[in-house]
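User: I'm new to this one. Can you walk me through the pockets and some helix packing?
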Amino acid sequence: MANKLRIGIIGCGGIANGKHMPALSKQKDRAEMVAFCDIIEERAIAARAKYGTPECKVYTDYKELLADPTIDVVHVLTPNRSHSFITVDALEAGKHVMCEKPMAINSVEAQKMFDAAKRTGKKLTIGYQTRNRADAVYLKKLVDDGMFGDIYYAKATALRRRAVPTWGVFLNEYEQGGGPLIDIGTHALDLTLYMLNNYKPKYCVGTTYHKLSGGDKELQGNDWGPWDPDKFTVEDSAFGFVVMENGATINLESSWAINMLDPREAITAFCGTLAGADMYGPGNSLRINGVKHNAKYSFTPDLKSAGAAFYEGVGNESPADREARLWIDAIINDTDPLVLPEQALCVTKILEGIYTSAKTGEIFKF
């Protein structure tokens, strides 16, 4: 390319350093990070030193970054509460936007993002990288081939036994909008809706729990060390039952802390009239099942490309790297991103419905 895409990063915390910036750095032939913004300036300075161009700029006010007309793309990697207004401002400033999941803390804010993208004509996508896992990519191809027939029941699962994030603002309901449901349950729900290609919910019922979030630290057993019960203002687990307009049903289960073995995070399972699929195999591997010639069958596809000693194979692209590559492709080629904003808006509406039902004790109708 004669001119590389110029990217600005807003929010230089954990998800920026753990996913977005390393993945974008592998697209250096087509894109470059030219600006970094964080309310903690030292984070932006560190990001510039590791990933920035020589003339890269650092900001503590995201609006100053958006005022640079040479920036083409913005990644919004801030706490959930600020996703909406930063994204809308970025779109209005003429930037394409990748916003980290979830889209927003509620459907009203998510709708503002969707409307701004339509109004400005700029691309908007949400960071649901789970779609880019090898098992998800393969399974989606089978779905599109019609292998499963009419899919009428599904489970979206994101269960951690004891893995409560104790850093940042994860435990802060005001900043995040919720706990495991909006944090990791959102990935499982997005993946499931994507496989069903069904974005028309009719009603839902939800429950949330604060059963293990307080009390004695000796009973926590948390993978990331003890949490502060006084700061744990979000749920520790949440469950939902969703009925779609076509009659299909989805069970959604999520937790950061629950007394359950065999944790499974960001996976799906579903049943169709011709076959079914789940990610319940060893290591949460993909399994396909059905009946052929009057005999039950099941198989686990081999999705690893390595097959020889001292050789790791080719094509083992990480979900984060594939997400970044496809996002850059969509901008350069002027095509739709993998995750459409209207799809992410539906995810947010369902999450909001489950939270609302849990608070009211009533069915939530869409």
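User: Which helix gives the most to the lining of the largest pocket?
Analyst: H1 does, with four residues. Helices here are DSSP runs (H or I, at least four residues) and strands are E runs of at least two, numbered from the N terminus. This is a predicted model, where local features need pLDDT of at least 70 and side-chain atom pairs count only at pLDDT 80 or more, while totals for chains, interfaces and linings use all residues. Residues are numbered from 1 along each chain as its sequence is written, and side-chain values use heavy atoms, with hydrogens and water left out.

User: What volume does the largest pocket have?
Analyst: About 1100 Å³. A pocket is an open set of points on a 1 Å grid over the protein atoms alone, where a 1.4 Å probe fits, with protein on both sides within 12 Å along at least five of seven lines. The volume is the space filled by probe spheres set on the points.

User: New topic. At what angle do H1 and H9 pack?
Analyst: About 60 degrees, with axes 8 Å apart. Axes are lines fitted to C-alpha atoms over the stretch in contact, and angles run from 0 to 180 degrees between N-to-C directions.

User: Why are H1 and H9 called oblique?
Analyst: Under 35 degrees is roughly parallel, over 145 roughly antiparallel, 65 to 115 roughly perpendicular, and the rest oblique. H1 and H9 are therefore oblique to each other.

User: Which residues make the contact?
Analyst: Lys19, His20, Ala23 and Leu24 of H1, with Ala320, Asp321, Glu323, Ala324 and Ile328 of H9. Contact means heavy atoms within 4.5 Å.

User: What about H8 and H10, at what angle do they cross?
Analyst: Roughly 125 degrees, and their axes come within 10 Å. H8 and H10 are therefore oblique too.

User: Which classes make up that contact?
Analyst: The residues that meet include Leu181 and Ile182 in H8, and Cys346 and Val347 in H10. The contact has 10 nonpolar, one polar and one charged residues.

Terms used: On a 1 Å grid over the protein atoms alone, a cavity is a set of points where a 1.4 Å probe fits but cannot get out, and a pocket is an open set with protein on both sides within 12 Å along at least five of seven lines; lining residues have an atom within 4 Å of a point. Ala, Val, Leu, Ile, Met, Phe, Trp, Tyr, Cys and Pro count as nonpolar, Asp, Glu, Lys and Arg as charged, and the others, Gly among them, as polar.
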